[in-house]
Amino acid sequence: MKLRIISVCFCFLSTINILGQDSIPASKTEKEYSFIIVDSPARLYTMRQFNENYLSTYRIGISALNTVVPKKTSAIIQAGLTGFLLMPLTHEEGHRSILTNEKIGSVSQPYFNKDLAAYVKGVRDQELIQLRDTKLPVYIRLHTAGLESDYALLLRSASLLNWKRETKDVLWTEYFIRKVSMVSYYAMGLFKVNAGIEEEKNELNRDIVGHDIYGAIRHLHRPDMEFYRYTNYEDLTSVEKKFVKRVGFRSLLNLLDPLLMGKTGFNFKGNNVNLNLGYGMVPFGDYIDQHFWISNNSFDTHFYLRQFENRNTWFPAFGAEAANISLLKNLQSDISLHGWIQPEDMAFNTSSGKAGGAVDVVIKYRFFKQNGQKINGLSANLGIVAKTKGFLLEEVNLDNHVGIRLGMSIWLQ
């Protein structure tokens, strides 16, 4: 996460200017805070595990903060916490989670150093070279995983806001800063900005990838070139610089989002409906998203269409999510379905695609329920994800995989 402190400062000032907007109350008075205790693989922490636990903890903390300080003061505190402490933490944990899944030890240093950069370090060059030479898609994802984590957290927050399961005075500031900062990082190449950091003499003190975008693009195009970590704009070829522009301009699609203006939905025939566009990078290129949320008193759903592209070929994908489906008394479920065609072997240069997909189910059994109390209920959660080979947001395993996770939810009034 390099030089994002500049965009953080911009977001901080922009947030203060919008603090006077009223929060939008949730129509659902009961709030769920879910936590994953054990994920698959059972190594602390997977990207999904860290993101879910972070967001629930953040929401509880900010909800408590809002009860003791004025609204504007709370929003200023939120902006400072998100921009300078929490966002670097979740971003670097995204990078670290990929290494942990590959059984490579590392150290997360998620707070800005003298070069205004946050690091994951403690990895030898030879380990990274071996990863590049044997598992190139994983190595590319090592670069983009921090931004993937940012994007996944934005989608989690968007669902909570658009489904009226969280109020704007709790999540909007975090959402605004994270999204604008993410776009700023993707768009750095449009201004030919360099990180301006020299590789440290001790390889264990170096960041694992340097500039996330430049490094990913260089290795997509030239995976066999001489190894070094910190890629500057001048190190890229003309073809790679063209790809940098593609990434930068497409990332602006993330700004086409009513939530950035505080709009959590539109009424359509008794349903609350919202939508946005999205963009991100993947181990074989990038993708463009179209997201749709529908909510009423009976159900909450989220649909998306996605178009992957490697070097020159487009591949379609789609997904659907339904939350808090009532199965039996005290038994609820969240279900997500994903389908895709992705490049064969997740290759950058191929035009051949391969179909795949995933299903993710969470079963929640509420063993404690007491209406009218501060703690409205507790649940034990069992999650199962089954996927074919391919990229799935937040799932650290790119191969065929079946995983089980255990967790719990706290339901507060």
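Predicted model: local features only at pLDDT ≥ 70, side-chain atom pairs only at ≥ 80, totals over all residues.
Together with Val 38, Leu 382, Ile 384, Val 402, Ile 404 and Leu 406, Ile 37 makes a nonpolar surface patch of about 610 Å².

**The nonpolar surface patch**

- Three strands, namely S1 (31–38), S11 (375–387) and S12 (401–412), each supply at least two residues of the nonpolar patch.
- The largest share of the patch comes from S12, which contributes 3 residues.

- Helix H2, which covers residues 47–66, packs with H3 at an angle of about 170°, and the axes of the two helices are 11 Å apart. Because an angle over 145 degrees counts as roughly antiparallel, H2 and H3 are described as roughly antiparallel to each other.
- On the H2 side, this contact is made by Met 47, Phe 50, Tyr 54, Tyr 58, Ile 62, Leu 65 and Asn 66, while the H3 residues that take part include Ser 74, Ile 77, Leu 86, Leu 89, Glu 93 and Ile 98.
- Helix H3 (residues 71–101) also packs with helix H6 (residues 168–186), here at an angle of about 50° and with the axes 9 Å apart; H3 and H6 are therefore oblique to each other, and their crossing is right-handed.
- Where H3 and H6 meet, the residues from H3 are Ala 75, Gln 78, Ala 79, Thr 82, Gly 83, Met 87, Thr 90 and His 91, and those from H6 include Asp 169, Thr 173, Ile 177, Ser 181 and Tyr 185.
- H2 and H6 pack as well, at an angle of about 125° with their axes 8 Å apart, and that angle makes H2 oblique to H6. In this pair, too, H2 passes H6 in a right-handed crossing.
- The residues of H2 that meet H6 are Tyr 54, Leu 55, Tyr 58, Arg 59, Ile 62, Ser 63 and Asn 66, and their partners in H6 are Asp 169, Val 170, Leu 171, Glu 174 and Arg 178.

**Backbone features in loops**

- A cis peptide bond, with omega of about 5°, joins Ser 40 to Pro 41, and Pro 41 has its place in the loop between S1 and H2.
- The peptide bond that leads from Leu 44 to Tyr 45 is cis, with omega near -10°, and Tyr 45 lies in the loop between S1 and H2.
- Lys 269, although not a glycine, has a positive phi of about 55°; Lys 269 is found in the loop between strand S4 (266–268) and strand S5 (271–282).

**Salt bridges and contacts across the sequence**

- The model has a count of 30 salt bridges, and one of them pairs Arg 366 with Glu 30, whose closest N and O atoms are 3.1 Å apart.
- This pair links distant parts of the chain, since Arg 366 lies in strand S10 (residues 353–369) and Glu 30 in the loop between helix H1 (5–17) and S1, with the two residues 336 residues apart.
- Thr 313 is found in the loop between strand S7 (300–309) and strand S8 (314–328). From C-alpha to C-alpha, Thr 313 and Ser 351 are 5.7 Å apart in space, although 38 residues separate them in sequence.
- When residues up to four places away in sequence are not counted, Thr 313 touches Phe 308, Thr 350 and Ser 351.

Terms used
Residues numbered from 1 in each chain as written. Heavy atoms only, no water. Patch = residues over 30% accessible without salt bridge, like charges linked within 9 Å, V, L, I, M, F, W, Y side chains within 5 Å. Areas by Shrake-Rupley, 256 points an atom, 1.4 Å probe, with all protein chains shown as cover. Salt bridge = Lys/Arg side-chain N within 4 Å of Asp/Glu carboxyl O. Helix = DSSP H or I, 4+ residues; strand = E, 2+ residues; numbered from the N terminus. Axes fitted to C-alpha atoms, helices over the stretch in contact; angles between N-to-C directions. Parallel < 35°, antiparallel > 145°, perpendicular 65-115°, else oblique. Left-handed = near helix turned anticlockwise from the far one by under 90°. Contact = heavy atoms within 4.5 Å.
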